[in-house]
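User: I would like to go through the labels attached to this model and see what each one rests on. Please set the values against the cut-offs.

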Amino acid sequence: QVQLVESGGGLVQAGGSLRLSCAPSGSTVNSHHMGWFRQAPGKHRAFVAAVTVSGDIYYNDSVKGRFTISRDSAKNMVYLEMNILEPEDTAVYYCAADSKGRRAFYYRKTDDAAYDSWGQGTQVTVSS
């Protein structure tokens, strides 16, 4: 497991943008499959996006074209750029990692059980 430190949540109006950041403490971001999940009030935690060790990127259909996941090796960070935000995007957002870079991740990337490390979560609130 790795310790993940998140930042960047906040309150924004519909149509606005936010960028979330996540840094693995004591390890290299390139060594892990990384993902973002979110949990809205009264709902299960849901997959948002992932980037694999090899650089493959995946999105939930609900955020395609609006959200961008990226990895900056020099800064050892993973980002989630969120644009054209909607009230339905309101949730606690979690950074997650498969710290061992498992091959099975490619088949399980949308399943939170595929990740062994989680950040503390950051609140994103989108007002209408």
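User: Is Trp118 buried, partly exposed or exposed, and what makes it so?

Analyst: This is a predicted model, and the values are computed from it. Trp118 has a relative accessible area of 24%. Buried means under 20% and exposed means over 50%, so Trp118 counts as partly exposed.

User: What makes Tyr115 and Trp118 a tilted aromatic pair?

Analyst: Two values decide this. The ring centres of Tyr115 and Trp118 are 5.9 Å apart, and the limit for pairing is 6.5 Å. The planes make an angle of 55°; stacked needs under 30 degrees and edge-to-face over 60, so an angle in between is called tilted. As for Tyr115, its relative accessibility is 6%, so it counts as buried.

User: How many aromatic pairs are there, and why is the one between Phe37 and Phe47 called edge-to-face?

Analyst: The count comes to six aromatic pairs. For Phe37 and Phe47 the distance is 5.7 Å centre to centre, with 75° between the planes. The distance is within 6.5 Å and the angle is over 60 degrees, so the label is edge-to-face. The pair links distant parts of the chain, with Phe37 in strand β4 (residues 33–39) and Phe47 in strand β5 (residues 46–51), 10 residues apart.

User: Why do Phe37 and Phe47 count as buried?

Analyst: Phe37 has 1% relative accessibility, so it counts as buried. Phe47 has a relative accessible area of 8%, so it is buried as well. The cut-off for buried is under 20%.

User: Which residues do the ring pairs link into a cluster?

Analyst: The cluster consists of Phe37, Phe47, Tyr94, Phe105, Tyr115 and Trp118.

User: How do you know that the charge of Arg45 sits over the ring of Tyr94?

Analyst: The charged end of Arg45 is 5.6 Å from the centre of the Tyr94 ring, and the distance limit is 6 Å. Arg45 also lies over the face of Trp118, 3.7 Å from the ring centre.

User: What makes Cys22 and Cys95 a disulfide?

Analyst: Their sulfur atoms are 2.0 Å apart, and the rule asks for a distance within 2.5 Å. The count by this rule is one disulfide. Cys22 lies in strand β3 (residues 18–25) and Cys95 in strand β9 (residues 91–98), so the pair ties together parts that are 73 residues apart in sequence. Both Cys22 and Cys95 are buried.

User: What makes β1 and β7 stand at the edges of their sheet?

Analyst: The sheet is open, with four strands in the order β1-β3-β8-β7 and antiparallel pairing. β1 (3–7) and β7 (67–72) each have a single partner strand, so one side of each is left without a neighbour in the sheet. On average, neighbouring strands of this sheet are turned by 20° against each other, direction ignored.

User: How do you know that β7 pairs with β8?

Analyst: Six bridges join β7 to β8 (residues 77–82), and pairing needs at least two. The two strands run antiparallel. Arg71 stands opposite Val78 in β8.

Conventions:
Residues are numbered from 1 along each chain as its sequence is written. This is a predicted model: local features need pLDDT of at least 70, side-chain atom pairs count only at pLDDT 80 or more; totals for chains, interfaces and linings use all residues. Side-chain values use heavy atoms; hydrogens and water are left out. Buried means under 20% relative accessible area, exposed over 50%, partly exposed in between (1.4 Å probe, protein chains only). A charge sits over a ring if NZ of Lys or CZ of Arg is within 6 Å of the ring centre and within 35 degrees of the ring normal. Axes are lines fitted to C-alpha atoms, for helices over the stretch in contact, and angles run from 0 to 180 degrees between N-to-C directions.
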